[in-house]
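Biologist: I'm new to this one, so could you show me the model and walk me through a few of its charged residues?

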Amino acid sequence: MSAAADGVERIVISSADEAWALLKAALEGEALPERLSLVFDGWPRFQMKVSGRDWHGTVPTRIMAPLLDVQRDLYRAYANVCYGEPNLRRLRDEDRELLELVVKVDEGSSDYEAPLHEQLTELARKAIEKMDSRSLVITILGIAVVVGGVEIGKAWIAERQEAKKVEQTVELSRQETERLRVFSEAVRQQPVLGETREDFEATQNRLLKSVKPGDEVVSKGVALRGDEVAEITQGERARAEDIDISGTFRVLANDASKGAGFRIKVSRIEDGMTFSADVPIELDSDAKRLIQKAEWSKGAVLVNLDIRASSLRGGVMNAVVIGASAVPELSG
């Protein structure tokens with residue numbers, strides 16, 4: 001740990017052991033600098049090695065989508081921490097550029113590796129604007145051990161083996177079991193980590209599904225044959241897609257009980273699409289007045305809305321109003 005000229009304590013994390021030790025200390029209430037920055041040096045890294053007929057220094061197309069999901073999961077974690085929701089529409093071009101992964105494939109093998117230390121350092125830099133030092137350490141190190149550690153992924157493999165009652169199962173060491181307990185406490189204190197874990201476990205499942213009979217894979221430190229992989233992978237859960245919704249709306253109801261901002265129920269005129277959306281407290285005051293006027297009119301006044309949301313199985317979730325404008329020709 002070193003102090004910068006501006007009084008910010010700089011903590012460098014260069015290994016999983018250092019990450020777990022600091023995470024545990026933060027969870028147990030040990031003193032932390034009031035102002036700190038986390039810097040990752042050479043750790044964490046994404047790693048996966050596959051061997052088989054199709055994996056001699058090549059990239060079979062069946063693994064491309066899961067590799068892109070690794071990038072997507074990192075984007076979602078960043079958006080969740082920095083913008084309060086895992087909606088990729090919130091990311092700016094500069095965010096995506098800073099978080100872009102470069103996956104290296106070693107010549108003569110299919111050893112996939114991507115350094116993540118720069119991306120995690122950037123995430124920590126942005127998070128310091130949103131969190132106190134303890135929350136920062138717990139959240140960022142929690143994300144780091146999910147994306148770059150072995151314990152969470154290894155535990156997922158062991159859970160799948162147990163559920164499928166396979167003959168040979170992965171055994172977790174005492175240290176790994178203790179680290180999983182630490183992570184569970186981290187999730188209790190920072191629930192965003194549970195979402196990050198679910199995202200990366202789903203991606204791990206997709207990555208393993210790209211392995212076929214006759215292949216061998218090393219993932220999260222666990223070596224598996226293709227037939228063993230087939231036993232534990234599961235059908236993919238549906239994943240929410242980020243969408244933009246715009247149009248002319250009727251505001252049907254207003255719920256101001258959620259604290260900051262308020263929630264409205266809206267129906268789009270062109271197709272009758274009806275759902276609830278949050279109006280954040282930071283939305284422009286003129287836009288909020290237009291929305292309130294439309295609600296007070298009991299449907300007589302319409303309003304143009306721009307909304308960011310997620311879509312899952314045709315439903316609209318996590319909708320947030322980002323803009324509103326008047327409809328002069330239809331207003332009464």
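Biologist: Let's start with Arg 225: what relative accessibility does it have?

Modeller: Arg 225 has a relative accessibility of 39% and therefore counts as partly exposed, a class that lies between buried (under 20% relative accessible area) and exposed (over 50%), computed with a 1.4 Å probe on protein chains only. Please keep in mind that this is a predicted model, in which local features need pLDDT of at least 70 and side-chain atom pairs count only at pLDDT 80 or more, while totals for chains, interfaces and linings use all residues. Residues are numbered from 1 along each chain as its sequence is written, and side-chain values use heavy atoms, with hydrogens and water left out.

Biologist: OK, and which residue forms a salt bridge with Arg 225?

Modeller: The partner is Glu 228, and the closest N and O atoms of this pair are 3.3 Å apart, where a salt bridge means a side-chain nitrogen of Lys or Arg within 4 Å of a carboxyl oxygen of Asp or Glu. Glu 228 itself counts as buried, because its relative accessibility is 16%.

Biologist: How many salt bridges does the structure hold?

Modeller: The structure holds 21 of them. As background, side chains of opposite charge can pair when their charged atoms come close. Another of these pairs is Lys 24 with Glu 178, whose closest N and O atoms are 3.8 Å apart.

Biologist: Which parts does the pair of Lys 24 and Glu 178 tie together?

Modeller: Lys 24 belongs to helix H1 (residues 16-27) and Glu 178 to helix H7 (residues 174-189), so the contact ties together parts that are 154 residues apart in sequence. Lys 24 counts as partly exposed at 33% relative accessibility, and Glu 178 also falls in the partly exposed class, at 30%.

Biologist: Stepping back, how many helices and strands does the protein chain have?

Modeller: The chain has 10 helices and 13 strands, both taken as DSSP runs numbered from the N terminus (helices are H or I with at least four residues, strands are E with at least two). Its C-alpha trace spans about 70 × 50 × 35 Å along the principal axes, and 50% of its 332 residues count as buried.

Biologist: Switching to the strands, how many bridges join S4 to S6?

Modeller: Five bridges join S4 to S6 (residues 111-115), and the two strands run antiparallel; strands pair if DSSP finds at least two bridges between them. Arg 45 stands opposite Pro 115 in S6.

Biologist: And S5, how does it run against S6?

Modeller: Strand S5 (residues 104-105) is antiparallel to S6 as well, with two bridges joining them, and the bridge partner of Lys 104 in S6 is Glu 113.
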